[in-house]
Amino acid sequence: MICEYRLQDGNRLGGRLVKQLDTAAVDALFEKLLFKDVNGEKVERRTTVNHAMKTARSAWNTVSRANSSMFPARNPFKKMGLQSTNRETPHATFDELKAFRSKAVEIGYQSIATGALIGWELLQREAHIYIRFMAEHYRPPAHPDHVYVVNYKTGTGSWEPLFNSKGKPLYPELMAELDAMKALRPTGGLMLRRDGSGLRRATRGEMLTHFARVVKTIIRAAGLRDELTFTSFGRHGGGTEAQDSGLTDAQLRQKGQWTTTAAMGRYLHRDDQGKQEAQEKRIKLRAKRARQAAKK
């Protein structure tokens with residue numbers, strides 16, 4: 001987003017020398033990017049722009065350390081006083097997830113239907129699912145009963161068990177879809193791609209803007225709440241269900257990778273028990289709610 005921004009002379013900001021960027025220029029850039037024109041209206045995208053600035057700040061710190069002579073002494077993306085949006089991300093219900101997935105399949109977006117279920121079950125962000133989830137992360141020869149859940153935001157990940165201690169699938173619906181999808185990826189590579197073309201979902205700069213528009217189209221076609229987003233079905237919706245299922249704080253943190261203990265990753269089977277119990281609790285809650293709904 002930052003590099004592709006067009007300056008008044010028509011050139012990309014990414015083509016400028018880093019020495020030409022100062023705090024005034026970065027502050028002005030933030031204001032220019034904050035609002036996006038959508039059908040003639042200015043729509044704020046504070047969360048996205050905040051993320052872009054934080055990413056630039058981190059990249060500047062990393063690269064300048066190895067190339068100090070090429071960078072100004074001060075990082076212009078530092079201490080910008082970024083404020084979070086006041087808008088709370090709504091969480092979807094399991095019934096809304098099912099309606100969304102059904103409509104996505106109906107209009108030809110199986111990969112988005114599967115991605116939504118990955119987000120719900122494994123508490124994943126859309127960037128993890130569509131930019132970092134590779135075919136070799138799902139049931140590789142070395143770990144045939146696991147899926148590697150990537151957290152590219154922190155550069156970590158963990159192996160999630162796909163079966164309980166008795167060998168029963170914990171994610172039968174998701175596994176069926178991923179098994180079929182992996183069969184189409186004999187040479188590996190990115191797992192979830194655009195339906196039909198097989199191209200990456202992310203566009204240049206790993207942006208998922210077009211993806212978000214497709215998701216909104218599906219949400220509206222399904223007659224769901226317009227405030228819902230893909231995130232509503234992922235960490236927010238799945239996380240809320242996990243919490244309602246009675247997961248302990250430790251199980252929830254481990255499931256969603258909100259905090260990571262480095263040593264934990266070395267004990268695969270030691271991790272499995274907590275994750276298996278966590279998913280079984282969620283399955284029991286769904287069955288209970290289904291019975292309650294049937295009685296009404």
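Which helices each supply at least two residues of the lining of the second largest pocket? In this predicted model, the helices that do so are H3 (94-106), H9 (235-244) and H11 (268-295). The pocket itself has a volume of about 330 Å³. Its lining is made up of 16 residues, of which Thr93, Phe94, Asp95, Glu241 and Arg289 are the closest to the centre of the pocket. Helix H11 provides the largest share of this lining, with five residues. By residue class, the lining of the second largest pocket comprises six nonpolar, four polar and six charged residues.

Helix H3 also takes part in a packing arrangement with helix H4. The axes of H3 and H4 come within 7 Å and cross at roughly 160°. Because angles over 145 degrees count as roughly antiparallel, H3 is roughly antiparallel to H4. The crossing of H3 and H4 is left-handed.

Helix H1 spans residues 23-34 and helix H2 spans residues 46-66, and their axes come within 9 Å, with a crossing angle of roughly 150°. H1 and H2 are therefore roughly antiparallel to each other. In this case the crossing is right-handed, whereas that of H3 and H4 is left-handed.

Strand S1 covers residues 35-38 and strand S2 covers residues 41-44; the two pair in the antiparallel sense over four bridges. Among the bridged residues, Phe35 is partnered by Glu44 in S2, and Lys36 is partnered by Val43 in S2. Two residues lie between the strands of this hairpin, and Asn39 takes a positive phi near 55°.

Rolling a probe the size of a water molecule over the atoms shows where empty space is left. Three cavities of 30 Å³ or more were counted. The largest cavity holds about 60 Å³ of space. The residues that line the largest cavity are Ile118, Leu122, Gln124, His128, Ile129, Phe133, Val147, Tyr148, Val149 and Val150. Helix H4 (110-122), helix H5 (126-132) and strand S3 (146-151) are the elements that give two or more residues to this lining. Strand S3 accounts for the largest share, with four residues.

In composition, the lining of the largest cavity contains eight nonpolar residues, two polar residues and no charged residues. The lining of the second largest pocket, by contrast, includes six charged residues alongside six nonpolar and four polar ones. Helices H3 and H4, whose axes come within 7 Å, each contribute to one of the linings described: H3 supplies at least two residues to that of the second largest pocket, and H4 gives two or more to that of the largest cavity.

Note on methods. Residues are numbered from 1 along each chain as its sequence is written. This is a predicted model: local features need pLDDT of at least 70, side-chain atom pairs count only at pLDDT 80 or more; totals for chains, interfaces and linings use all residues. Side-chain values use heavy atoms; hydrogens and water are left out. Two strands pair if DSSP finds at least two bridges between them. On a 1 Å grid over the protein atoms alone, a cavity is a set of points where a 1.4 Å probe fits but cannot get out, and a pocket is an open set with protein on both sides within 12 Å along at least five of seven lines; lining residues have an atom within 4 Å of a point. Grid points are joined across faces, edges and corners, and a volume is the space filled by probe spheres set on the points. Ala, Val, Leu, Ile, Met, Phe, Trp, Tyr, Cys and Pro count as nonpolar, Asp, Glu, Lys and Arg as charged, and the others, Gly among them, as polar. Axes are lines fitted to C-alpha atoms, for helices over the stretch in contact, and angles run from 0 to 180 degrees between N-to-C directions. Angles under 35 degrees count as roughly parallel, over 145 as roughly antiparallel, 65 to 115 as roughly perpendicular and the rest as oblique. A crossing is left-handed if the near helix is turned anticlockwise from the far one by less than a right angle, and right-handed if clockwise.
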